[in-house]
Amino acid sequence: MINVKKVLLKWESYWFKVLGRWRSCPLACPVERTPHRHVFWSWFGSFLAITATSYLAIKTNSPLFMAPFGATSVLIFGVPDSPLAQPRNVIGGNCLVALVSLIILQLLGSSPWAMGVAVSSAIAIMQITRTLHPPSGAVALVVMMTKPDWQFLLTPAFEGSMILVLCAVIFNNLAEERTYPKHWL
């Protein structure tokens, strides 16, 4: 027999989790402003990093790979302290997901359900290896949509990730109050 009180309590708890946080901090809630000098370094570093990786996209005829790199730039230049923006996550996440997605592409093709398998497998492998990097989910879709060869692992996945991390190391550390990375491994 269903305990109605228990079901109602779970239902109320669910909706509090969904809506409760909005009530505790309205839209007027103060948000910390990013200092102008940080904005400058983020802009300059990401400009150079994306410009450099754009050449890889043109060279490899893989322009869709720029979408994950753009999202990576937001993390490594906009919130360089984030665990998701650390070199291990950027390089490891992009490369592992590219590898897993290429394997799935070879085994299952590029059907919609194979794309679902690729993205969900990407999330699982990154969680298992502690290399969680949200833009890598897009890498899985890029592989499934462009159907690249195995060279994709090196260029643009590895080389592009290295260029982004190198630019982040150089430019984030030029600002006196910023340190990147917080850790390498």
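Leaving aside its neighbours within four places in sequence, which residues is Ser73 in contact with? Keep that question in mind while we walk through the structure, which is a predicted model.

## The whole chain

The protein chain has seven helices and zero strands. Read from the N terminus, its elements run α-α-α-α-α-α-α. Along its principal axes, the C-alpha trace spans about 65 × 50 × 25 Å. The chain has 185 residues, and 38% of them count as buried. If you take the contacts between residues at least 6 apart in sequence, 77% join residues at least 24 apart.

## Ser73 and Ser46

Back to the opening question. Ser73 is in contact with Ser46, Ile50, Gly78 and Leu164, once neighbours within four places in sequence are left aside. Ser73 sits in helix α3. Is Ser73 buried or exposed? Its relative accessibility is 5%, so Ser73 counts as buried. Ser73 and Trp43 are 30 residues apart along the chain, and their C-alpha atoms are separated by 9.6 Å.

Now look at Ser46, one of the contacts of Ser73. Ser46 belongs to helix α2, which covers residues 36-59. Ser46 has 19% relative accessibility and counts as buried, because buried means under 20%. Its side chain reaches the backbone oxygen of Ser42 at 2.7 Å. With neighbours within four places in sequence left aside, Ser46 is in contact with Ser73 and Phe77.

## Aromatic rings

The structure holds four aromatic pairs. In one of them, the ring centres of Trp43 and Phe47 are 5.5 Å apart and the planes are at 0°, so this pair is stacked. Both residues lie in helix α2, four residues apart, which is about one turn of the helix. An α-helix has 3.6 residues a turn, so residues three or four places apart point the same way.

How exposed are Trp43 and Phe47? Trp43 is exposed, with a relative accessible area of 54%. Phe47 counts as partly exposed, at 41% relative accessibility.

Phe44 and Phe171 make an edge-to-face pair, because their ring centres are 5.2 Å apart and their planes are at 90°. Phe44 lies in helix α2 and Phe171 in helix α7 (residues 154-172), so the pair ties together parts that are 127 residues apart in sequence. Phe44 is partly exposed, with a relative accessible area of 28%, whereas Phe171 is buried, at 11%. Phe44 and Phe171 also belong to one aromatic cluster together with Phe40 and Trp41.

Here are the two pairs side by side.

| Pair | Distance between ring centres | Angle between planes | Arrangement |
|---|---|---|---|
| Trp43 and Phe47 | 5.5 Å | 0° | stacked |
| Phe44 and Phe171 | 5.2 Å | 90° | edge-to-face |

## The largest pocket

What is the volume of the largest pocket? The largest pocket has a volume of about 290 Å³. It is lined by 15 residues, and the closest to its centre are His38, Gly78, Pro80, Asp81 and Arg178. Helices α2 and α3 (66-78) each supply at least two residues of this lining.

Which span should helix α4 (residues 87-108) have? Helix α4 has 22 residues, and at 1.5 Å a residue it should span 32 Å. Its end C-alpha atoms are 31 Å apart, which agrees. After α4 comes Gly109, whose phi is positive, near 80°.

Met144 is placed in helix α6 (residues 135-146). At 0% relative accessibility, Met144 counts as buried. The C-alpha atoms of Met144 and Trp184 are separated by 29 Å, and these two residues are 40 residues apart along the chain.

Conventions. Residues are numbered from 1 along each chain as its sequence is written. This is a predicted model: local features need pLDDT of at least 70, side-chain atom pairs count only at pLDDT 80 or more; totals for chains, interfaces and linings use all residues. Side-chain values use heavy atoms; hydrogens and water are left out. The expected span of a helix is 1.5 Å times one less than its number of residues. Buried means under 20% relative accessible area, exposed over 50%, partly exposed in between (1.4 Å probe, protein chains only). A polar contact is a pair of N or O atoms within 3.5 Å; within protein, one must be able to donate a hydrogen and the other to accept it, and residues adjacent in sequence count only if both atoms are side-chain atoms. Contact means heavy atoms within 4.5 Å. Rings of Phe, Tyr and Trp (its six-membered ring) pair if their centres lie within 6.5 Å; planes under 30 degrees apart count as stacked, over 60 as edge-to-face and the rest as tilted. On a 1 Å grid over the protein atoms alone, a cavity is a set of points where a 1.4 Å probe fits but cannot get out, and a pocket is an open set with protein on both sides within 12 Å along at least five of seven lines; lining residues have an atom within 4 Å of a point. Grid points are joined across faces, edges and corners, and a volume is the space filled by probe spheres set on the points.
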